[in-house]
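I have opened a new page for this chain.

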Amino acid sequence: YPEYGDSPTAEFTMLASVQNQFDQINIRTYDLSGPYPGWVTWFNSPIYDGGYMFPNTSELVPSINGAVGNFVNNGVHPGKLGIGLPFYGYIWTGGPGMTQPRQSWPATNVPTVSTPTYASVVNNYYQSNRYHWDNTAQAAFLSVTNTPAANDMFVSYDDAQACQAKVS
């Protein structure tokens, strides 16, 4: 969001005012999560937020729909917008029992996030019993349980179903 005291919508209204100068405006609709204070385990690139809010605020978690809505609600024509598809995943580890989306962690045990390629996710972590589809977020994930629980993993990535949902 803009610095220097501009309103949170300044970048969107600015792009709306110059949109006729562009064939397309691409939105970075990935890297929508991380182990930040006050956050939860969340998807790298979910289509929807499902109405889920951060536990300590009234802010919705990030989503592609929310990002697109910011532009459209501030005057950018939807036909000008493109969204990104990540061909890598997010692996959340190190927090106690991090295996699902929407999990919080104690301040003393912050998880880490790594970004393996799609091929690495499929070749090294995918097993059908670990696979889950989140209907609310329209996002795929793997839930990996290990011993000790500090080695558990929540793996967010775009599979064929997620890519198809985004294209649709």
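**Salt bridges**

I looked up Asp 158 and Lys 166 and found both buried, that is, under 20% relative accessible area, where exposed is over 50% and partly exposed lies in between (1.4 Å probe, protein chains only). Their side chains meet in a salt bridge, 2.4 Å from N to O. I use the term for a side-chain nitrogen of Lys or Arg within 4 Å of a carboxyl oxygen of Asp or Glu.

A note on the source: this is a predicted model, where local features need pLDDT of at least 70 and side-chain atom pairs count only at pLDDT 80 or more, while totals for chains, interfaces and linings use all residues. Residues are numbered from 1 along each chain as its sequence is written, and side-chain values use heavy atoms, with hydrogens and water left out.

How many salt bridges does a search of the whole structure find? It finds 3. Side chains of opposite charge can pair when their charged atoms come close.

I then checked Asp 134 and Arg 102, whose side chains form a salt bridge at 2.8 Å, N to O. This pair links distant parts of the chain, 32 residues apart. Asp 134 sits in strand S5 (residues 131-134), and Arg 102 in the loop between strand S3 (90-93) and strand S4 (112-114). Strands here are DSSP runs of E, at least two residues, and helices are runs of H or I, at least four, numbered from the N terminus. Asp 134 is buried at 9% relative accessible area. Arg 102 is partly exposed at 26%.

Arg 28 and Asp 31 also meet in a salt bridge, 2.4 Å from N to O. Is Arg 28 buried or exposed? Arg 28 counts as exposed, at 54% relative accessibility. Asp 31 is partly exposed, at 27%.

**Backbone angles**

I stayed with Asp 31, found in the loop between S1 and H2. Its phi is near 60°, a positive value in a residue other than glycine. Gln 138 is not a glycine either, yet has a positive phi of about 60°. I place Gln 138 in the loop between S5 and S6. Next came the peptide bond from Thr 147 to Pro 148, which is cis, with omega near 0°. Pro 148 lies in the loop between S6 and strand S7 (153-157). For reference, most residues other than glycine have a negative phi, and most peptide bonds are trans.

**Nonpolar cores**

I looked for nonpolar cores, meaning sets of buried Ala, Val, Leu, Ile, Met, Phe, Trp, Tyr and Cys residues joined through side-chain atoms within 4.5 Å. Which members of the largest core touch the most other members? Of its 14 residues, they are Trp 42, Phe 43, Val 61, Trp 92, Ala 137 and Phe 154. S3 and strand S6 (139-144) each supply at least two residues of this core. Apart from it lies another core, of 10 residues, including Ile 91, Val 121, Trp 133 and Val 144.

I listed the contacts of Phe 43, leaving out residues up to four places away in sequence. Contact means heavy atoms within 4.5 Å. Among the residues touched by Phe 43 are Leu 32, Pro 101, Phe 141 and Ser 156. Arg 102 and Asp 134 are also among them.

**Helix H1**

In helix H1 (residues 10-18), I find Phe 12, Leu 15 and Ala 16 buried. Seen down the axis of H1, the buried residues fall within an arc of 105°, so they line one face of the helix. The arc is taken from the directions from the helix axis to the C-beta atoms. These buried residues pack against strand S1 (25-27) and helix H2 (64-72). Val 18, also in H1, is partly exposed at 28%. The C-alpha atoms of Val 18 and Gln 100 are separated by 41 Å, and the two residues are 82 apart along the chain.

Phe 87, Tyr 118, Val 122 and Tyr 126 form a nonpolar surface patch, with about 380 Å² of accessible area together. Patch members have over 30% relative accessible area and no salt bridge; like charges are joined within 9 Å, nonpolar side chains (Val, Leu, Ile, Met, Phe, Trp, Tyr) within 5 Å. Areas come from the Shrake-Rupley method with a 1.4 Å probe, and for residues only the protein chains shown count as cover. Val 122 lies in helix H3 (residues 118-124) and is partly exposed at 32%. Ala 119 also lies in H3, partly exposed at 43%.
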